[in-house]
Amino acid sequence: MSMNDGKFELPYDSPVVPAMLEEDSEISFRCYPGIACFNACCKQSDITLAPYDIIRLKKRLGLDSSEFLKTHTLPYEMDQHGMPGVKLRNVNDESPVCQFMTDAGCSVYEDRPTACRYYPLGLLSMKKKDEKSDEVHYALVEEDHCKGHCEDHKLTVGEYRREQGVVEYDDLNRDWHRIILKKRSAGPAIGTPPEMSFQLFFMASYDLDRFRRFVLSDSFRKTYDLDAAFYDSVADDDIELLKFGYRLMMQVFFGEMSVPMVDKAVEKRLAERGEVIAMRHEAEKKAWQEKQERLKRDASVEDGETVVNVCGEGGCGSND
Ligand code: SF4
Ligand code: SF4
């Protein structure tokens with residue numbers, strides 16, 4: 001199946017122009033083990049991952065997010081601005097076959113990604129200019145290899161979504177899609193430099209265990225005014241951490257303040273920096289004075305009682 005998660009791009013390379021559907025639109029489709037095309041879609045896989053997909057898969061595989069990303073995904077750019085995305089790796093770089101496909105079907109079926117659950121539907125999340133909320137539509141893609149369309153099994157898009165267990169995924173990925181839409185319409189440089197905002201985006205979206213270490217770090221605690229209950233809640237709960245990441249991104253990228261900051265956190269840091277600078281200055285001053293003392297002693301040795309003028313911090317003087 002040539003598909004992304006359908007959130008932002010229609011699969012325009014599909015030979016069939018997809019039909020636009022709504023939640024109550026009716027489709028006729030059924031997929032089951034034993035259908036003639038079983039596994040055909042997973043042999044042509046191009047699966048983009050959303051944050052909750054990664055939470056489910058890394059947990060299933062018993063990996064932390066960094067290990068999961070390294071072993072099972074490939075990075076790609078979601079758009080011309082360089083927004084970072086990740087895709088599932090196939091069995092190897094040349095193969096179109098999904099790494100999780102087996103003869104018996106999907107080896108991670110209960111935790112399969114959003115894109116796999118939706119197929120042959122795509123979810124289209126759009127934001128119209130000057131409108132606050134986003135619009136959701138669906139697209140039905142009919143590819144020749146997929147025989148599920150020939151099955152006499154009618155159901156609405158809403159019923160199909162529930163049948164595929166995709167509602168929970170959408171609920172937990174919705175704010176992430178909003179951030180992407182907003183970031184696209186605002187441009188990559190809003191709020192913070194692009195590389196920094198992309199780093200935060202990558203970490204909070206995909207590399208959640210690394211994001212957790214960042215949130216639990218001393219420097220984070222000095223910047224944000226959050227209580228012990230908050231830190232306890234994100235210490236071992238991926239969903240809580242994911243939701244917090246969305247809030248933090250909205251704040252950092254778009255100035256939508258919902259994470260309280262420590263009063264004068266920036267000034268505090270500057271003051272700390274100032275103390276370091278003062279300590280350095282003291283050390284340099286001491287070294288300079290020691291050098292002058294040494295010169296003074298050396299001059300006495302060489303010239304006997306020659307008057308040596310020393311110009312130091314306290315003004316000019318003589319040894320007479
Ligand atoms: S994750 Fe499972 S359902 Fe999705 S493409 Fe791979 S084998 Fe198929
Ligand atoms: S019916 Fe479609 S989705 Fe199901 S196995 Fe066949 S190709 Fe894949």
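Modeller: In what follows, Ala, Val, Leu, Ile, Met, Phe, Trp, Tyr, Cys and Pro count as nonpolar, Asp, Glu, Lys and Arg as charged, and the others, Gly among them, as polar. This is a predicted model, in which local features need pLDDT of at least 70 and side-chain atom pairs count only at pLDDT 80 or more, while totals for chains, interfaces and linings use all residues. Residues are numbered from 1 along each chain as its sequence is written, and chains are lettered from A and ligands numbered from 1 in the order in which they are written.

Biologist: How do the residues of the shell around ligand 2 divide by class?

Modeller: They divide into eight nonpolar, three polar and one charged. A residue belongs to such a shell if its C-beta atom, placed from the backbone, lies within 6 Å of the ligand. Among those surrounding ligand 2 are Cys 31, Cys 37, Asn 39, His 145, Lys 147 and Gly 148.

Biologist: What makes up the shell around ligand 1?

Modeller: That shell has nine nonpolar, one polar and one charged residues. The residues around ligand 1 include Cys 42, Cys 98, Cys 106 and Cys 116, together with Ser 45 and Arg 112. By the class rule, Ser 45 is polar and Arg 112 is charged.

Biologist: Why are α7 and α10 called roughly perpendicular to each other?

Modeller: The axes of helix α7 (residues 208-215) and helix α10 (residues 238-254) come within 11 Å and cross at roughly 75°. Angles of 65 to 115 degrees count as roughly perpendicular (under 35 is roughly parallel, over 145 roughly antiparallel, the rest oblique), and α7 and α10 are therefore roughly perpendicular. Leu 208, Phe 211 and Arg 212 of α7 meet Asp 238, Leu 241, Leu 242 and Gly 245 of α10, where contact requires C-beta atoms, placed from the backbone, within 7 Å. These residues divide into four nonpolar, one polar and two charged.

Biologist: Why do β1 and β7 stand at the edges?

Modeller: The open sheet of three strands has the order β1-β8-β7, with antiparallel pairing. β1 (19-21) and β7 (121-126) each have a single partner strand, so one side of each lacks a neighbour in the sheet.

Biologist: How many bridges join β7 to strand β8?

Modeller: Six bridges join β7 to β8 (residues 135-140). Two strands pair if DSSP finds at least two bridges between them, so β7 and β8 qualify as a pair. Leu 123 has Tyr 138 in β8 as its bridge partner.

Key
Helix = DSSP H or I, 4+ residues; strand = E, 2+ residues; numbered from the N terminus. Axes fitted to C-alpha atoms, helices over the stretch in contact; angles between N-to-C directions. Contact = placed C-beta atoms within 7 Å.
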